[in-house]
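Let's read a protein model together, one feature at a time. Have a look at the picture first, and then we will talk it through.

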Amino acid sequence: MEDYMDDDRLPVTILTGFLGAGKTTLLNNLIKNYPQHKFAVIENEFGEIPIDNDLIVGVESDNIYEMSNGCICCTLNGELAELLFDLLNIRHKLTHLVVETTGIADPTTVVQAFMSSEQIEMFYRIDSVVCLVDARNIGPIAADTAMAAKQISYADIVVLNKTDLVTEAEMAGAAELVKSFNPFAELVYSSFGSVNGSSLLDTYTYAPKVIEDFSINAGKLRLSSGVMKPAGFALVQKDQRPALHDIESHSYTFTRNFDPHQFNFWLDHLVEYYGAGIYRIKGIVSFDKVPQKVVVQSVRDHIMISAGEPWNEDEERASRLIFIGKSLGKLRLEESLVKLLSGELQDSVTLLSR
Ligand SMILES: Nc1nc2c(ncn2[C@@H]2O[C@H](COP(=O)(O)OP(=O)(O)OP(=O)(O)O)[C@@H](O)[C@H]2O)c(=O)[nH]1
């Protein structure tokens with residue numbers, strides 16, 4: 001066994017990737033595929049209402065730490081460091097920590113939280129930064145959002161996900177794009193987070209020995225851009241400033257039921273009118289006469305609706321919706337949703353056409 005594998009610090013995998021790329025889906029796969037591990041998960045969501053923690057399967061809820069209403073790369077960065085200290089109390093019960101960042105997080109500052117004090121560095125080792133990429137949408141996303149490109153460029157492993165949604169030629173194009181941002185990352189292909197035996201944990205990407213070997217090999221490469229950033233090197237930049245996002249997130253809770261047909265009509269129009277400005281919608285909706293919670297998701301213009309668990313008889317029904325995008329207009333969306341609930345479909349849709 002190589003020396004660096006004797007390191008008994010808690011290994012950490014940081015999952016990055018733009019909104020809707022498939023981070024939570026991959027996380028569930030990891031947990032299922034590594035039954036020998038006792039995971040703790042730090043789940044960071046941009047919205048006020050945590051939803052993703054309900055979607056994680058196979059980890060005791062006590063070991064899921066929700067950090068919502070902010071981004072751990074900037075506003076919550078201090079809290080992340082505090083949480084890392086708290087986690088040391090149950091260190092003996094854990095074998096791996098996964099941090100799922102928000103889709104708009106700057107991975108560099110998240111990594112920096114693990115280097116923020118000697119004590120934290122003494123107890124945690126970053127195993128790798130894994131960036132999920134939506135193979136179907138990466139072109140427009142990267143063109144529109146510098147952070148998506150930054151997430152790719154910072155990763156040790158890039159998982160090109162959603163292979164089921166693209167042709168071979170499109171996949172090759174997506175891989176080329178990823179390589180143009182980061183020629184050094186290991187590229188792994190996946191559908192619904194299933195990576196076909198590729199190892200995402202215990203990669204020791206940050207072990208000095210691995211970086212060293214890697215750097216030697218990387219040094220033999222010649223890049224037309226002249227950029228030589230072996231994966232993991234950027235983590236020594238301690239003076240990185242917090243990122244400021246121009247992305248809005250609005251969450252709403254409604255206790256009245258929606259009409260399913262009207263809701264679908266509204267959603268289609270929302271996606272049409274907002275176009276590329278709407279990055280992500282997710283939530284649970286309560287529909288008239290529908291016994292199950294209905295899970296609504298969209299990744300850019302792709303809407304997915306599926307039946308969830310049935311509402312319990314003693315459970316108060318409520319719809320919880322989160323919208324993330326550029327210049328959404330909190331009040332306009334709220335007014336439009338209120339009109340929709342009142343049956344004023346035409347007016348609610350007109351409000352969306354800006
Ligand atoms: N067709 C297809 N859909 C996928 C795949 N992976 C994930 N999805 C779907 O894409 C949607 C988003 O997946 P998530 O795992 O929630 O993505 P995420 O990156 O955690 O999303 P955020 O937390 O909003 O950033 C869900 O509806 C998933 O079921 C895939 O490989 N193929």
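This is a predicted model: local features need pLDDT of at least 70, side-chain atom pairs count only at pLDDT 80 or more; totals for chains, interfaces and linings use all residues.

Q: How many bridges join strand E9 to strand E10?
A: Strand E9 (residues 278-285) and strand E10 (residues 292-299) run antiparallel and are joined by six bridges. Helices (H or I, at least four residues) and strands (E, at least two) are DSSP runs, numbered from the N terminus. Two strands pair if DSSP finds at least two bridges between them.

Q: How do strands pair in a sheet, and what is the strand order here?
A: Strands of a sheet pair through backbone hydrogen bonds, either parallel or antiparallel. Here, five strands form an open sheet in the order E8-E12-E9-E10-E11, and the pairing is antiparallel. Strand E8 (248-254) and strand E11 (302-310) are at the edges with a single partner strand each, so one side of each has no neighbour in the sheet. From one strand to the next, the twist averages 10°.

Q: Which strands does helix H9 touch?
A: Contact means heavy atoms within 4.5 Å. Helix H9 (residues 260-274) packs on the sheet and touches E9, E10, E11 and strand E12 (319-325). Its direction makes about 165° with that of E9; axes are lines fitted to C-alpha atoms, for helices over the stretch in contact, and angles run from 0 to 180 degrees between N-to-C directions. Helix H10 (residues 330-341) lies across E8 and E12, at about 25° to E8.

Q: Are H9 and H10 roughly parallel or roughly antiparallel to each other?
A: Angles under 35 degrees count as roughly parallel, over 145 as roughly antiparallel, 65 to 115 as roughly perpendicular and the rest as oblique. The axes of H9 and H10 cross at roughly 155° and come within 11 Å, so the two helices are roughly antiparallel. In their contact, Gln262, Phe263, Trp266, Leu270 and Tyr274 of H9 meet Arg332, Leu333, Ser336, Leu337 and Leu340 of H10.

Q: Is lysine 162 buried or exposed?
A: Buried means under 20% relative accessible area, exposed over 50%, partly exposed in between (1.4 Å probe, protein chains only). Lysine 162 counts as buried because its relative accessibility is 15%.

Definitions and conventions
Residues are numbered from 1 along each chain as its sequence is written. Side-chain values use heavy atoms; hydrogens and water are left out.
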